[in-house]
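Please consult the sequence and the model while reading.

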Amino acid sequence: MINDQQLTNPSDEFWMEEALRAAQRALEAGEVPVGAVIVNAGEVVGRGWNRNIADSDPTAHAEVVALRQAGVNLGNHRLGDCELFVTIEPCPMCAGALVHARLKRVVYGADDPKAGAIHSVMEVLNHPKSNHRIEVRGGVLAGRSAELLQSFFRSRREEGEGRPKLNSCPPRRGA
Ligand code: ZN
């Protein structure tokens, strides 16, 4: 059992501020505002924000974008000395990618009750059958991460009012 003392580091808030700045970039680009930074020996080696729309890429989540950049920067697909700071709890795809990268530590902001794969919906990270253990700390500057997402979805709903929903079916003929 890892005690909470070990997991708490005053610089976590500092790096989460960087991740929040990355999330802000996503927001400005009209993407879901999630940001991530990867830190190695006190330096940012990867930075990402959601770019699904910009890249027409369903895998272009902040964490994946940051992992790719860190791998290139360090010349290694294993990132065992790195820590990831991300504004929301990673989804199953990103959590799986973090396991593949053999990350040392993950620090996240808000929980994601709809898709979180650390503990909210499923446990992809540190699954009992997985033999790689990653240190985790959640809830860092969580209020600000959540607020960013909530304001984004609120403004999208307001914009979408009066227009048909994207996923709604066309009316049936003769109905
Ligand atoms: Zn993800």
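In α4, the residues Ala62, Glu63, Val64, Val65, Ala66, Leu67 and Ala70 are buried, where a residue is buried if 20 or more other C-beta atoms lie within 10 Å of its own, exposed if 12 or fewer, and partly exposed in between, with C-beta atoms placed from the backbone. The model is predicted: local features need pLDDT of at least 70, side-chain atom pairs count only at pLDDT 80 or more, and totals for chains, interfaces and linings use all residues. Residues are numbered from 1 along each chain as its sequence is written.

**Overall composition**

- The protein chain contains 6 helices and 5 strands; helices (H or I, at least four residues) and strands (E, at least two) are DSSP runs, numbered from the N terminus.
- From the N terminus on, the order of elements in the protein chain is α-α-β-β-α-α-β-α-β-β-α.
- Of the 175 residues in the protein chain, 33% are buried.

**Helix α4**

- Helix α4 covers residues 62–74, and its 13 residues reach 18 Å from the first C-alpha to the last, close to the 18 Å expected at 1.5 Å a residue; the expected span is 1.5 Å times one less than the number of residues.
- The buried residues of α4 pack against α2, β1, β2, β3 and α5 (92–100), two residues being in contact if their C-beta atoms, placed from the backbone, lie within 7 Å.
- Gly75 follows α4 and has a positive phi, near 65°.

**Strand β1 and its partners**

- In strand β1 (residues 35–40), 5 of the 6 residues are buried.
- Strand β1 runs antiparallel to strand β2 (residues 43–49), with 6 bridges joining them; two strands pair if DSSP finds at least two bridges between them.
- Gly35 stands opposite Trp49 in β2.
- A hairpin is formed by β1 and β2 with 2 residues between them, and Ala41 in the turn has a positive phi of about 50°.
- Strand β1 also pairs with strand β3 (residues 83–88) in the antiparallel sense, over 4 bridges, and Ile38 stands opposite Leu84 in β3.

**Packing of helices α2 and α6**

- Helix α2 (residues 11–28) and helix α6 (residues 142–160) pack at an angle of about 5°, with their axes 11 Å apart; axes are lines fitted to C-alpha atoms, for helices over the stretch in contact, and angles run from 0 to 180 degrees between N-to-C directions.
- Helices α2 and α6 are therefore roughly parallel to each other, a description that applies to angles under 35 degrees.
- The contact involves Leu20, Ala23 and Leu27 of α2 and Arg144, Ser145, Leu148 and Phe152 of α6.

Conventions
Angles under 35 degrees count as roughly parallel, over 145 as roughly antiparallel, 65 to 115 as roughly perpendicular and the rest as oblique.
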